[in-house]
Amino acid sequence: MEFNIKRKLTKEITIGQKKLGADNPILVQSMTKTKIENLSLLKNEILSLINAGCEIIRIAITDKNSVISISSLIKEGIFKDVPVVADVQFDYELAILALDFGVDCVRINPGNIGGLEKTAQVIEKAKQKKACIRIGVNSGSIDKKYLKNNQNDIKTAIVESTLEYVRFFEKMKFYNFKISAKASSVMDSIYAYKILSDKINYPLHLGITEAGSRFDGSIKSSVGLGVLLYEGIGDTLRVSLTDDSIYEVKAGFQILNSLNLRNYGVNIISCPTCGRTKADLKTIVNKIEELTYDIKKPLKIAIMGCIVNGPGEAKEADIGIALGNKKAAIFVKGKVLKRVEIDDVFIEFQKEIKKLL
Ligand code: SF4
């Protein structure tokens, strides 16, 4: 029997050349970490993100020069397949400038950009440029008036402020927007998104803000986003990590793949190891992960610690390795294809993967 999540059908919006919301795929996004002043390094990071499958790229705009730098990358055509979002805090004029220079979307928090009057000017520019806006409320930058009104209850303040901004956008007859309502607390984020999903029908950008390291951040994001996605909530997501941005993309796809909401790239199945393990499985798994991270086609790879149980335990994998004493078995759908020396395992394995792709 098929067991699938029923997604809530939100309004479809346009961001650059992509559609978001409704029954479009849930898009995985990330944000660059390189200083914008170092344009060649930033470009490398953007290209690595695109190579890793990132579907929307956000860049922090800090001043006028950073807008000019982004516009040079737009002109180069680097964002032709992947929309670019300018992340602007405090300065509504920078948001307007970024839209003028051709970004596909601006992320603003009306609460810290100068209030609704200034927000209105950003909205008018987005209308004119047919761009998208992300209303990005989060626990760190919430307008103090909402905190005061709600006795410092962050989750309620997030919901209340977001709903007020949404009403304002509607009053201005601008509908090409998505919403994020992130808190650093997983439970507060779940609460805010659930209430918002009940009350409004615009696409939601899911995330847990300031989630932490690769390990902690991935866990918090998987729990928080997993609960929401399971309930059919969410149209795009970012896993925020204090680590390289490509891990954010990897974690995002892994969360969606786990819930059968996407079927993207490599899914590595590896055993936890035990007393029967014959080789350094941890190093081998890390290496295979490195070698295959940019594969976009769905591929299940099993890496198992012993020949006795390995191939059988990982029957559903498209391809796998089971380690013996000095040799390793490469198997396909549970059947051993060949046995190779442990030292040759990476080369032989890559050859077989190429055949499958
Ligand atoms: Fe142990 Fe083999 Fe199972 Fe790995 S596959 S946990 S080595 S029995």
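Predicted model: local features only at pLDDT ≥ 70, side-chain atom pairs only at ≥ 80, totals over all residues.
Mentor: Residues are numbered from 1 along each chain as its sequence is written, and side-chain values use heavy atoms, leaving out hydrogens and water.

Trainee: Why is H6 called roughly parallel to H7?

Mentor: The axes of H6 (residues 154-171) and H7 (residues 186-199) cross at roughly 30°. Angles under 35 degrees count as roughly parallel, so H6 is roughly parallel to H7. Axes here are lines fitted to C-alpha atoms, for helices over the stretch in contact, and angles run from 0 to 180 degrees between N-to-C directions. Helices are DSSP runs of H or I with at least four residues, strands are runs of E with at least two, and both are numbered from the N terminus.

Trainee: What makes residues of H6 and H7 meet?

Mentor: Contact means heavy atoms within 4.5 Å. Among those that meet are Ile158 and Val159 in H6, and Tyr191 and Ile195 in H7.

Trainee: How do you know that E6 and E7 pair?

Mentor: Two strands pair if DSSP finds at least two bridges between them. E6 (residues 105-108) and E7 (residues 132-138) have four bridges, in the parallel sense, so by that definition they pair. Valine 106 stands opposite isoleucine 133 in E7.

Trainee: What makes E8 and E9 edge strands?

Mentor: E8 (177-182) and E9 (205-206) each pair on one side only. The open sheet has eight strands, in the order E8-E7-E6-E5-E4-E3-E10-E9.

How values were computed: Parallel < 35°, antiparallel > 145°, perpendicular 65-115°, else oblique.
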